[in-house]
Structures are given as structure tokens and as C-alpha cells.
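Me: Can you walk me through this one? I have the sequence and the 3D view open.

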Amino acid sequence: MQFFKVKTVEETFALIDENIAAAAGTEVRELKESLHYILAVPVTAKENVPGFDRSTVDGYAVRAKDTYGSSESMPGFLTVAGEVEMGEAPDTKVTHGKAVYIPTGGMLPEGCNAVIMIEHCEDVDGLLNTYKQVAPGENVIRAGEDIKAGEVLLEAGTKLRPQELGALASLGITHVTVFSKLKVGYLSSGDEIVPYETETLSLGQIRDINGLTILGLASEWNVDVIYGGIVKDDFAIFQQKARELYEQVDCLIVSGGSSVGAKDYTTDVIQSLGGPGVFVHGISVKPGKPTILAVANGKPVIGLPGHPASAMIIFKLFGERIIRLLKGEVIQKKPERIYARMTKNIPSSPGRSDYIRVRLEEKAGEWWAEPIIGKSGLITTLVKSDGIVEISSEKEGVSQGEYVPVIPSR
Ligand SMILES: Nc1nc2c(c(=O)[nH]1)N[C@H]1C(S)=C(S)[C@@H](COP(=O)(O)OP(=O)(O)OC[C@H]3O[C@@H](n4cnc5c(N)ncnc54)[C@H](O)[C@@H]3O)O[C@H]1N2
Ligand code: MOO
């Protein structure tokens, strides 16, 4: 029997990056309907934000110099020359020795370069006593300080989070060109797997768990999902069902039959869908070693190990990256881990990356990761967990009290 050649986690990520490209479709969407979509063309700012100099506080617009030397014991004196109305251009200038009342966000009048907060001065019948000196630029946002006209605000490949939508809104952009929503198809395989709605199981039967967990995760990543049902361990039927679903989607996911047992047809089915085919079969991870990753005519196909915890952990680790790249996202190398301290010693084999399900507990102001021990066939190990701790392949385990990276799942 041919056994698979395992890749390290790092090699697997590198191969994913090399093999997966954005699915081609783009569309113009309304900005308010574009949350979590990926920008397909860069956005250049056509104007400054803000478009005018503004005050960041309620106070008096002044020339900073005119406040120099002011203190509680030796106040300075300025003449109040008027006030700025919100949403309107001021009609009063600030000249030497003058101050103009300005609300937070109001447009700075000509001639001033700072704002003194109302709590640091006192208007006594039009004579402003200043109790503090302010520096040039203090309490002021300059025109273009947020966004400069002509600058590339967002590059293609940027995921639109609420803050990106806000920045686009500030420019008055109502529509954006984004990559279209992906369609992801999922198929369960195994003679023993029956629909989860099955009321009474015959001996040996198992309800389909992965259909819910894997499509649930995919839905969290803003893709449309199609559940293709369950296929028996019969090559011809499996192949036909897989092809039908593959034709309808941008990415096909299959669970079960990924190992090398007599009835593990997943690899052959995946290979039959098109070239170049499988680029990873077997990853030096625990759990989830018999994972299959492939590209068939430009579409990624993922063969997940059947054990429910393995399937979810593998899909979170590698499936999410595949989907993000397929969506057109340019992935920045930013940490997506939180750190916690391990409550127990955990051994691990060097050369293999281990993913330990953990519960997070706060003790004395620090987060501690309590391992949840249990086989990867047990879905409740994930129900009880708040995340998974990553023990990288060069380590021989972690010691009690050691800080460890946690991929959170709550
Ligand atoms: N000789 C070896 N045997 C196995 C190895 C190995 O390296 N050498 N690896 C083990 C590991 S690790 C895993 S994980 C499994 C993966 O096996 P398959 O991907 O071929 O999955 P199945 O055999 O079809 O199923 C495994 C297990 O999971 C249950 N299952 C499958 N699909 C579902 C589903 N949709 N919902 C709920 N449960 C599911 C299935 O009933 C099995 O119990 O291989 C080991 N074997
Ligand atoms: O490593 Mo497998 O994924 O647990 O049983």
C-alpha cells in the first residue's frame, strides 16, 4: 500500500500560497452591502478628509503665540471676536489678541493655529482669560490629516472591515468593486454516515457531524455554502456526486476517506476532477495527518480527515487560508494568535506540529490554557474548548507556565 508523503505545516502553507489564486469574478456592490468582501480594485482618494481644518475640542480658536506665558496664577487676556457655527464656514478671522469660540468638530477660522479648551479659559463678558498656553496645532485636525487627496486609501485585496467601510464613507464612496461571494460545496463520505436528522440509528451508523461544522465555519467566512449530502464508499457514485457539486462551486470540500484504508477513495476521486491535482497528501500535524489539498482546473479541492475534531481543526488552519486566497484577499503576515500560559506539561514529537484543544481560564489577571484531553473523533472536545494551542514542529512540547500561542475559537 502506498502511504502518503507528509509535508510540514510551513511547507503546506507555502504550497497553499503558491497554488491558490483568486477566483476571477468581481462585481460592483453598494458600500453598505460590502462588509467582509475583498476589494478587487484599489481606491484612490479624490478629496481630503477632513476637507477643512477642524477643532477636536470645545474651546476658543486662537493664535498659539497669544497664549504663551498664560498660567492659573498669571492668565493671559484675549478678546472674544465671535463664534463658529457647526456645519458652516466661519465669518470671523482670528487676528492678534483675538479668540473665536469653536465647538468640537467646527471649522477653524482663518488666522488661528490652535484651540484652547473651555476648561482652560474663562469668558468674562467678552474678555477671555487664558489659564494655560497652547502649542501650534494643539487640539486641531488639519485638512487631509485623515486621508490625503490622491493617496491610495485601500489596495486591492483588502478585506472590508467596518473601519474600511467607514473610511470609504468619509470620501462619499457609495459603490466598490469587490470579488464576488464564493460558493463552497461540501460532501460527506462514508458507508456509516447518515443524515443528522436520522431519528434512530442502526448499529454502526454515525450521524453526519462534519456537514454542520465545516459549512458552519465556512459561513463564518462570508461564503455561500452548498451541502451536497453523503456519499457511500463506492468510487463511481462518489466520483459522480463529487463532480456534480464541483461543477457548481468555486471550492469543493470532502470529508472522510482521506486516509489509506481499503475504501478510502477520496484521493482518487479528487485526482479524477482535473489537473494539476493533489499537491498535499499528509501533513505532519496532530490531529489531521491524512489531509488532502488539491487544485482541479483552478478550483481548490480539500479532503478533510473524517474525525470531527480533526476535520474542524484542519479546516480552520488550512481551509480558511485557502478560502481567503480564493476570495482575493492579500494576506498580511499579522499574528492571529493570543497568548496564554499552559497549565500542564504537554509532550509533543519534534517534526510534527500539534494543535491542543484548550479551555481558557483567567487567574490573577493572566490567561491560562487548560488542555482538553480527548481523541480527535470526539466533537465535544471542541465544544468545551475556547481555542487551540499551537505547538510548532521544532518543539518537544511545552512546559507548565510557558506562554503559548492560542488560535481562539469563541
Ligand atoms: N493506518 C492508518 N490509519 C489511520 C491513519 C493512519 O495514519 N494510518 N490516520 C488516522 C487519522 S489521524 C485519521 S484523522 C483518520 C482519517 O480517516 P479518513 O479521513 O479516511 O476518515 P474516515 O475513515 O472516513 O473517518 C474517520 C472517522 O471519522 C468518522 N466520520 C467521518 N465522516 C464523518 C462525518 N461526516 N460526521 C461524523 N463522523 C464522521 C468516521 O465514522 C470515522 O470514525 O484515519 C485514521 N486512520
Ligand atoms: O490525526 Mo487524526 O486527525 O486525529 O485521528
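This is a predicted model: local features need pLDDT of at least 70, side-chain atom pairs count only at pLDDT 80 or more; totals for chains, interfaces and linings use all residues.

Me: Which residues does UniProt list for "domain: MoaB/Mog"?
Reply: The UniProt record gives residues 185–325, in an unreviewed entry. Over that stretch the chain is 35% helix and 29% strand. The C-alpha atoms at its ends are 17 Å apart.

Me: How many strands form the open sheet, and in what order?
Reply: Six, running 16-13-17-21-20-18. The pairing is mixed. Strand 16 (224–231) and strand 18 (276–281) are the edges, each pairing on one side only. From one strand to the next, the twist averages 15°.

Me: In what sense do strand 13 and strand 16 pair, parallel or antiparallel?
Reply: Parallel, over six bridges. Strand 13 covers residues 183–189. For one of the pairs, find tyrosine 186: its bridge partner in strand 16 is tyrosine 227.

Me: Which strands does helix 4 touch?
Reply: Helix 4 (residues 235–248) packs on the sheet and touches strands 13, 16, 17, 20 and 21. Its direction makes about 165° with that of strand 13. Helix 6 (residues 308–326) packs on the sheet too, touching strands 17, 20 and 21. The direction of helix 6 makes about 175° with that of strand 21.

Me: And helix 3, which of its residues are buried?
Reply: Asn210, Gly211, Thr213, Ile214, Leu217 and Ala218. They pack against strands 13, 16, 17 and 21, and against helix 6.

Me: Switching to ligands. Which residues come nearest to ligand 1?
Reply: Gly256, Ser258, Ser259, Pro305 and Gly306, out of 26 around it. That shell has seven nonpolar, 15 polar and four charged residues. Helix 3 (210–220) and helix 6 each supply at least two of the shell residues.

Me: What is around ligand 2?
Reply: Lys286, Pro287, Gly288, Lys289, Pro305, His307, Ser310 and Ser376. By class, that is two nonpolar, four polar and two charged.

Me: Which residues have a positive phi, then?
Reply: Aspartate 125 is one of them, with phi near 50°. Aspartate 125 lies in the loop between strand 8 (121–124) and strand 9 (127–130). Alanine 364 also has phi near 50°. Its loop is between strand 24 (353–363) and strand 25 (366–371).

Me: Is aspartate 125 buried or exposed, and why?
Reply: Exposed, because aspartate 125 has 5 C-beta neighbours inside 10 Å, and exposed means 12 or fewer. Alanine 364 is exposed as well, with 5 other C-beta atoms within 10 Å.

Me: Last one: how do strand 22 and strand 28 pair, and over how many bridges?
Reply: They are antiparallel, over four bridges. Tyrosine 339 has proline 405 in strand 28 as its bridge partner. Strand 26 (residues 387–391) pairs with strand 28 in the antiparallel sense over three bridges.

Note on methods:
Residues are numbered from 1 along each chain as its sequence is written. Chains are lettered from A and ligands numbered from 1 in the order in which they are written. UniProt positions are given in the numbering used here, feature names are shortened, and annotations may be inferred rather than shown by experiment. A residue is near a molecule or strand if its C-beta atom, placed from the backbone, lies within 6 Å of it. Ala, Val, Leu, Ile, Met, Phe, Trp, Tyr, Cys and Pro count as nonpolar, Asp, Glu, Lys and Arg as charged, and the others, Gly among them, as polar. Two strands pair if DSSP finds at least two bridges between them. Axes are lines fitted to C-alpha atoms, for helices over the stretch in contact, and angles run from 0 to 180 degrees between N-to-C directions. Two residues are in contact if their C-beta atoms, placed from the backbone, lie within 7 Å. A residue is buried if 20 or more other C-beta atoms lie within 10 Å of its own, exposed if 12 or fewer, and partly exposed in between; C-beta atoms are placed from the backbone.
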